[in-house]
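The sequence and the model come first.

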Amino acid sequence: MDEKQKTPGELRREALFHQPKNGWDRLSQAEEGELNAYCEDYKHYLDAAKTEREAVTEAVRLAQAKGFKPFTRGMAIQPGDKLYRVNRGKAVMLAVVGNKSLSEGVNIGAAHIDSPRLDLKPTPLYEENEMAFFKTHYYGGIRKYQWVAIPLELHGVLALKDGSTVQVAIGNNPGDPVFTVDDLLPHLGAEQSKKPLGEAIPAETLNVLVGSRPFKDDEGSDRVKLAILDLLNQKYGIVEADFISAELEVVPNFKASDLGFDRSFIGAYGHDDRVCGYACLAALLDLGTPERTAVCMLADKEEIGSTGVSGMKSAAFDTFMSDLCDAQRVQLKVCYEHSFCLSADVTAAYDPNFADVYEKRNSAYINYGMGLCKYTGSRGKSGASDASAELVGYVRRVLDEAGVAWQMAELGKVDAGGGGTVACYMAERDIDTLDAGVPVLSMHAPFETVSKLDCYMTYRGMKAIYEAK
Ligand code: MN
Ligand code: MN
């Protein structure tokens with residue numbers, strides 16, 4: 001319809017209403033090709049990165065292939081330099097040095113690469129009725145009933161007394177065995193079925209089944225446990241005490257897969273928050289020399305409060321930034337007060353199957369692009385960073401100018417619950433910070449779902465943020 005045929009009401013509606021569009025309706029053929037290629041790369045990243053350590057290793061591998069070099073204290077830096085620093089194997093910071101001085105601030109993309117899972121306890125291995133199990137202690141906000149009767153993998157590291165380490169990754173290679181936590185059969189589940197969802201599976205029953213074959217020609221106790229240890233000793237050179245100094249993580253045995261007849265979704269373990277972590281990383285790796293220095297922070301421990309030496313609260317980030325600033329004789333605080341951070345973390349996608357916990361006028365929708373959250377938090381915004389109006393205005397402008405599909409969202413109904421991200425820890429450093437990320441269905445489940453369009457738009461949004469002047 002041409003302009004002349006529109007009624008005054010239609011024209012005013014167009015001018016005044018905020019009417020977001022489904023992202024697929026605005027995508028060009030060229031963008032669609034780029035979207036598909038991006039999502040293939042993302043799926044490969046996910047399959048290679050099932051733990052925070054593997055996410056770091058894979059990020060470094062990709063960065064090195066694009067010419068990134070380790071940044072050491074005292075190193076001179078030039079515009080266009082591509083640098084990275086790994087924090088204890090579990091977090092990584094990367095930077096592309098811009099044309100402007102660091103005194104004018106940096107553009108940061110910060111995401112986390114740890115995901116909910118089952119960690120092994122320090123004394124995990126035991127035998128009961130001639131079956132061997134690992135005791136676990138869950139990490140992050142899991143719904144325990146989702147972790148039973150699914151195939152699981154074991155990934156991680158053991159530190160031996162001689163100072164060497166042993167890497168373990170069992171389950172993700174073809175031909176590998178898998179593990180599982182067994183569940184009750186419905187025939188005997190009458191009492192369990194009456195329990196509230198959160199109580200039906202106690203944490204101390206999340207025991208991973210690891211074997212049943214007894215040690216041959218032996219009369220002693222714990223013959224199955226002995227046979228398992230014998231196997232592990234032959235393969236890895238470890239003894240039972242080595243579990244004490246280990247970080248072994250039980251994660252789902254799911255490959256990242258296209259989901260739906262139209263392949264419009266990706267189903268996988270660990271979208272929260274590797275989907276944003278990968279967007280931050282891939283956008284940084286694709287940069288030329290930006291005006292402002294671009295920094296990508298992939299943090300550990302977000303799922304348990306951003307604590308510890310590898311979490312976002314750790315000074316490791318400040319040390320990296322201050323080492324960069326020292327190279328230009330800039331004060332860190334001056335850099336920080338002019339910096340911008342996009343705290344890139346997933347948000348809840350509106351799910352029509354659970355409509356009662358969402359507020360439909362303020363939810364993130366599948367295929368409507370990157371979801372911006374002015375604030376997160378619980379109840380009365382408790383724990384939120386709450387970005388300023390001016391900052392949200394700035395991000396709107398940057399994303400619109402770059403043609404990025406984005407939407408404004410809250411997590412769900414105010415009284416339904418809440419959540420947090422690394423945003424408040426960046427903001428506490430005197431860095432202007434806004435939350436944004438990919439909307440997710442089944443967040444924190446062993447198999448989470450995201451839309452390819454939203455993944456791609458988050459990558460595009462991150463690139464626009466890094467390139468902002
Ligand atoms: Mn997250
Ligand atoms: Mn989370």
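## Manganese ion (ligand 2)

Along the sequence, the donor residues of the manganese ion (ligand 2) follow the spacing D-x30-E-x140-H. They are Asp 272 (OD), Glu 303 (OE), Glu 303 (OE) and His 444 (NE2), at 2.1 to 2.6 Å from the ion. Donors here are N, O and S atoms within 2.8 Å of the metal (3.2 Å for Na, K and Ca), and since water is not among the atoms, sites may look incomplete. Glu 303 sits in the loop between β14 (293-299) and α8 (316-327), and His 444 in the loop between β22 (439-441) and β23 (448-451), so this pair ties together parts 141 residues apart in sequence. Helices (H or I, at least four residues) and strands (E, at least two) are DSSP runs, numbered from the N terminus.

Glu 303 and His 444 are both buried. Buried means under 20% relative accessible area, exposed means over 50%, and partly exposed lies in between (1.4 Å probe, protein chains only).

## Basis of the model

The model is predicted: local features need pLDDT of at least 70, side-chain atom pairs count only at pLDDT 80 or more, and totals for chains, interfaces and linings use all residues. Residues are numbered from 1 along each chain as its sequence is written, chains are lettered from A and ligands numbered from 1 in the order in which they are written, and side-chain values use heavy atoms, with hydrogens and water left out.

His 112 belongs to strand β4 (residues 106-112) and Asp 272 to helix α7, so the pair ties together parts 160 residues apart in sequence.

A distance of 3.3 Å separates the manganese ion (ligand 1) from the manganese ion (ligand 2), and Asp 272 coordinates both. Asp 272 is buried, with a relative accessible area of 3%; His 112 is buried too, with a relative accessible area of 1%. Asp 272 is also joined to Asp 273 by a cis peptide bond, with omega about 5 degrees. Asp 273 lies in helix α7.

## Packing of α3 on α7

Two packed helices are described by the angle between their axes and by the distance between those axes. Helix α3 (residues 52-65) packs with helix α7 (residues 271-285) at an angle of about 15 degrees, the axes being 11 Å apart. That makes α3 roughly parallel to α7. Axes are lines fitted to C-alpha atoms, for helices over the stretch in contact, and angles run from 0 to 180 degrees between N-to-C directions. Angles under 35 degrees count as roughly parallel, over 145 as roughly antiparallel, 65 to 115 as roughly perpendicular and the rest as oblique.

The crossing of α3 and α7 is right-handed. A crossing is right-handed if the near helix is turned clockwise from the far one by less than a right angle, and left-handed if anticlockwise. On α3 the contact involves Glu 52, Ala 55, Ala 59, Leu 62 and Ala 63, and on α7 it involves Arg 274, Tyr 278, Leu 281 and Leu 285. Contact means heavy atoms within 4.5 Å. By class, the residues of this contact of α3 with α7 are seven nonpolar, no polar and two charged. Ala, Val, Leu, Ile, Met, Phe, Trp, Tyr, Cys and Pro count as nonpolar, Asp, Glu, Lys and Arg as charged, and the others, Gly among them, as polar.

## Packing of α2 on α7

The axes of helix α2 (residues 29-48) and α7 cross at roughly 125 degrees and come within 10 Å. That makes α2 oblique to α7. The crossing of α2 and α7 is right-handed.

In α2, Tyr 38, Asp 41, Tyr 42, Tyr 45 and Leu 46 meet His 271, Arg 274, Val 275, Tyr 278, Ala 279, Leu 281 and Ala 282 of α7. The residues of the contact of α2 with α7 are nine nonpolar, one polar and two charged.

Lys 301, in the loop between β14 and α8, has phi near 65 degrees, a positive value in a residue other than glycine. Lys 301 counts as buried at 16% relative accessibility. Arg 263, in the loop between β12 (257-259) and β13 (265-268), has phi near 55 degrees, again positive in a residue other than glycine. Arg 263 is exposed, with a relative accessible area of 51%.

Pro 186 is in the loop between β9 (180-181) and α4 (190-193) and is exposed, with a relative accessible area of 71%.
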